[in-house]
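The sequence and the structure are shown first.

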Amino acid sequence: MHSKILILDFGSQVTQLIARRVRDAGVFSEVHPYDVSDEFIKNYGAAGIILSGGPSSVTEGDTPRAPMAVYEAGVPVLGICYGMQTMAEQLGGKVENGLVREFGYAEVRARGHTALFKEINDFVTSEGHGMLKVWMSHGDKVNEMPPGFKLMASTDNCPIAAMADEERRFYAVQFHPEVTHTLQGEAILSRFVHEICGCQSDWNMPDYISEAVASIRAQVGDDEVILGLSGGVDSSVAAALIHRAIGDKLTCVFVDHGLLRLDEGKMVMEMFANNLGVKVIHVDATAQFMGHLAGVSDPEAKRKIIGREFVEVFQVESGKLSNAKWLAQGTIYPDVIESAGKGKKGSHTIKSHHNVGGLPDTLNLKLLEPLRELFKDEVRKLGVALGLPHSMIYRHPFPGPGLGVRILGEVKKEFADLLRRADAIFIEELRNTMVDPNAEKLQSWYDATSQAFAVFLPVKSVGVMGDGRTYEYVVALRAVQTQDFMTAHWAHLPHELLGKVSNRIINEVRGINRVVYDISGKPPATIEWE
């Protein structure tokens, strides 16, 4: 049994990062809504509990509170931002609306020599005070600590920036240790889970394989499994893991919806059918998908159509496999969290996922989701441990609806054909261009960017080629750098590289005469255009 940390989510957009940081420290963690029952808390078996940030104000009446069982469980508790404020209010302290709000960079003075901050700092002042460079995001602040707490940190604008009751092992910080902007955040969370909660570093992907294989075998028994293979990282790793567990009792269905990257179908078939010996049925459903997408321009409507048609294809194919009792999916943990909402009060779903709770009763198949506990970086590590090629596992993310959401407006086959060729040129040049050709360890611009792709714009522009006038389509190139995909910076690609990509696309892809580069960050833009 792994030791585990329970994270209660109060609605912060970065709650997932807490779980990822804890897992990076080798400790299993799960996110659950803040309004779980006292019984759930008592039976969960957590070695420690973390209360996340959130958008509410504890100074208002009907706003979220942690179950009182959190403070009665006898395990360490760490409150972060809103989690600190609700801890203070629930345990007898006071919270007020701050006259000066703090958003962004701040320098926090550590005080009190507590176990959480001991010998952790970014610099020491001339007076000998240890200082932390952190990221703040709050309006309210604690102005009176509960009985038994002592001051752990302060800023000029926030006299109580952290507090601790070390007898009960309750700690709380107003800043966000989970974000990379808090330079010692990883060290602080590691200190909490290892030294204060006493957790061992027993969570890693090579060891997880044997657990997952045993779990799949116990769940499936002698039944057969059908899996929708998209060629993306998640479904590919799920296929390799399930095949490791049950061998020929797995049949993969690879659906080509006409919205894949260039030669992706060929690559998938070669890797799985030829190299790994997995049974793969290749279904060319281009006409089916394109027919249903005709005339549809709304992004969410396109997503739903593509998800629905995937299920339709599986229904047909599963009907041909009389012994298949399970449908396997590459659902991963962020899908589960995002689709679960934030709790009963004011809950909302961030994004719809067609592979979370979207199966019709008529499918008559039980659901197998062997990756639903894993974050994306863990899925990649698992794929490498399973022997999948590094080049496939560390490909840039590709949306489930494929090029359907990279073609703005209506999706047409001719647009998809133009886009996949332009996109392939962009990716090829990123792979072939080194960031620093003279460096001892070479890194391509593909590896230096987190996600890069081309977007088809449904507008035409005037151009000139030779002595002739052209009136053709436009593509936008997008490349970003990010650590967590919550925020992202546009990649400062060399002008020579962009120029070469533009020249090749315009010269080699007949139908495109203009290439532009997207220099928007996230926020305010999103990474994908739709």
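## Annotated active site

Glu-178 has a relative accessibility of 0% and therefore counts as buried, where buried means under 20% relative accessible area, exposed over 50% and partly exposed in between, for a 1.4 Å probe and protein chains only. The model is predicted, with local features requiring pLDDT of at least 70 and side-chain atom pairs pLDDT 80 or more, whereas totals for chains, interfaces and linings use all residues. Residues are numbered from 1 along each chain as its sequence is written, and side-chain values use heavy atoms, leaving out hydrogens and water.

Glu-178 belongs to the loop between β10 (170–173) and α5; helices (H or I, at least four residues) and strands (E, at least two) are DSSP runs numbered from the N terminus. Leaving aside residues up to four places away in sequence, Glu-178 touches Val-14, Leu-17, Ile-18, Arg-21, Ile-80 and Leu-189, a contact being heavy atoms within 4.5 Å.

An unreviewed UniProt entry assigns "active site" to Cys-81, His-176 and Glu-178. These residues span 98 residues in sequence, yet no two of their C-alpha atoms are more than 11.0 Å apart, so they gather at one spot. UniProt positions are given in the numbering used here with shortened feature names, and annotations may be inferred rather than shown by experiment.

Cys-81 is located in the loop between β4 (77–80) and α4 and is buried, at 4% relative accessibility. Not counting residues up to four places away in sequence, its contacts are Gly-53, Ser-137, His-138, Val-173, Gln-174, Phe-175 and His-176. Helix α4 (residues 82–90) has 8 of its 9 residues buried, so it is largely enclosed by the rest of the structure. Gly-92, with a positive phi near 105°, follows α4.

## Annotated binding site

The "binding site" in the unreviewed UniProt entry comprises Ser-230, Gly-231, Gly-232, Val-233, Asp-234, Ser-235 and Ser-236. Gly-232 occupies the loop between β11 (224–229) and α7 (233–246) and is buried, at 19% relative accessibility. Asp-234 is part of helix α7 and is likewise buried, at 15%. Beyond residues up to four places away in sequence, Asp-234 touches Gly-330, Ile-332, Leu-371, Lys-376 and Val-379.

In helix α12 (residues 376–385), the buried residues include Val-379 and Leu-382. Elements covering the buried residues of α12 include α1 (15–24), α6, α7 and α13 (390–393). Gly-387, with a positive phi near 95°, follows α12.

## Aromatic and charge–ring contacts

The whole structure contains 13 aromatic pairs. Rings of Phe, Tyr and Trp (its six-membered ring) pair if their centres lie within 6.5 Å; planes under 30 degrees apart count as stacked, over 60 as edge-to-face and the rest as tilted. Two of the pairs are tabulated below.

| Pair | Centre distance | Plane angle | Class |
|---|---|---|---|
| Phe-28 and Trp-203 | 4.8 Å | 55° | tilted |
| Phe-289 and Phe-310 | 5.4 Å | 65° | edge-to-face |

Phe-28 in strand β2 (residues 28–33) and Trp-203 in the loop between α5 (185–196) and α6 (205–220) are 175 residues apart, and their pair links distant parts of the chain. Phe-28 is buried at 7%, and Trp-203 is buried at 7%. Phe-289 of helix α9 (residues 286–293) and Phe-310 of helix α10 (residues 299–319) tie together parts that are 21 residues apart in sequence. Phe-289 is buried at 0%, and Phe-310 is buried at 12%. Ring pairs also join Phe-10, Tyr-34 and Tyr-82 into a cluster.

The charged end of Lys-4 sits over the ring of Tyr-44, 4.2 Å from its centre, and Arg-406 lies over the face of Phe-453 at 3.9 Å from the ring centre. Such a placement requires NZ of Lys or CZ of Arg within 6 Å of the ring centre and within 35 degrees of the ring normal.

## Domains and nonpolar cores

The chain is divided into domain 1 (4–196), domain 2 (205–394) and domain 3 (413–517), with bounds from an automatic or database domain assignment. The C-alpha centres of domain 1 and domain 2 lie 37 Å apart.

In the largest nonpolar core, of 51 residues, Leu-430, Leu-477, Leu-493 and Ile-505 touch the most other members. A nonpolar core is a set of buried Ala, Val, Leu, Ile, Met, Phe, Trp, Tyr and Cys residues joined through side-chain atoms within 4.5 Å. Helix α14 (residues 413–432) gives the most to this core, with 9 residues, and at least three residues come from each of domain 2 and domain 3.
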